[in-house]
Amino acid sequence: MNMEKRIILERRGRDPSQVKELNLDNCRSTNIVGLTDEYTNLQILSLNNVGLTTLKGFPTLPMLRKLELSDNRISNGLTFLSGCKKLAHLNLSGNKIKDLETLKPLEAFKNLKNLDLFNNDVTSIEDYKSKVFAMHPSLKYLDGFDKYDQEADDSDIEEEDEMNGNNDSDEDGSDEEEEEEDEDDEDVSLCAVYNAEEESSSSSIFEGSDVEEEEEVDEEDDEGENNADGEQEQNSKGQDGDADGEPEESTRGKKRKHEDDDEN
């Protein structure tokens, strides 16, 4: 598949300005075809093992940070990358670069942190590493090592990418978290509504039960009053009976006494 068709495939129907990453590895082309200045937000471009012999026609990509060009046949023409001002990572391993002069255009890239020239003839030059580091003060890693021959680890490379704005995955992660938070908020609000409904229904039940309890208390009070009235009536009757009884007994006693006196 040629480069132009591969680009169309990788776009997936998106507008060029919406594309942030393009992987064109192993497509076949000796020069840049189909890649234009319209890719204004392209940040990562991979053109490994394509067969490129020149970078002529390389577009202006103002947001490009990482460019993979390994295993091609590039021997010069790095000036064609001048439109990529934010370039921080450049892989040119396995190409045909023979001298330091060819690397001179890279001095324009003030953000360049990671450069890979492994398996190029230029690496056989005496004091190659120290000279390249001297040419590019911003450079931190050359062929995977710093100027003190300390090997770069993944955390260092990731840190360099983040410092140069490689936060796409983090941004995507934050968007997902925001969506999850929104969903959680919706769940919480729904739960609040359900709880409010349950509380209102339960409170209405409790209110009804309170009314019933009050009615029962009123009924008990009425019964108590009726019982008290009945007891009072019975007590008053008893008292009347006793009052009447006392004179009756005294009269009987007097009658008997009178009869006894007559007999005598």
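This is a predicted model: local features need pLDDT of at least 70, side-chain atom pairs count only at pLDDT 80 or more; totals for chains, interfaces and linings use all residues.
A residue counts as exposed when its relative accessible area is over 50%. By that cut-off Asp149 is exposed, at 51%.

**Helix α1**
- Helix α1 spans residues 3-11, and Met3, Arg6, Ile7 and Glu10 are buried in it. These residues sit on the same side of α1, because they cover an arc of only 100° around the axis.
- The buried residues of α1 pack against β1 (21-23).
- Lys5, Ile8 and Leu9, on the other side of α1, are exposed.
- Where α1 starts, a side-chain oxygen of Asn2 comes to within 3.3 Å of the backbone nitrogen of Glu4.
- Just after α1, Arg12 has a positive phi of about 55°.

- Glu10 and Arg6 pair in a salt bridge, with their closest N and O atoms 3.3 Å apart.
- Both residues belong to helix α1 and are four residues apart, about one turn of the helix.
- Glu10 is buried at 17% relative accessible area, and Arg6 is buried at 17% as well.

**The other salt bridges**
- Glu107 and Lys104 form a salt bridge through their side chains, at 3.4 Å from N to O. Glu107 is partly exposed at 29%, and Lys104 is partly exposed at 40%.
- Asp149 forms a salt bridge with Lys129, the closest N and O atoms being 3.9 Å apart. Asp149 lies in the loop between β6 (141-142) and α3 (154-163) and Lys129 in helix α2 (residues 128-135), so this pair ties together parts 20 residues apart in sequence.
- Lys129 is partly exposed, with 28% relative accessibility.

Methods: Residues are numbered from 1 along each chain as its sequence is written. Side-chain values use heavy atoms; hydrogens and water are left out. Buried means under 20% relative accessible area, exposed over 50%, partly exposed in between (1.4 Å probe, protein chains only). Helices (H or I, at least four residues) and strands (E, at least two) are DSSP runs, numbered from the N terminus. The arc is that of the directions from the helix axis to the C-beta atoms. Contact means heavy atoms within 4.5 Å. A polar contact is a pair of N or O atoms within 3.5 Å; within protein, one must be able to donate a hydrogen and the other to accept it, and residues adjacent in sequence count only if both atoms are side-chain atoms. A salt bridge is a side-chain nitrogen of Lys or Arg within 4 Å of a carboxyl oxygen of Asp or Glu.
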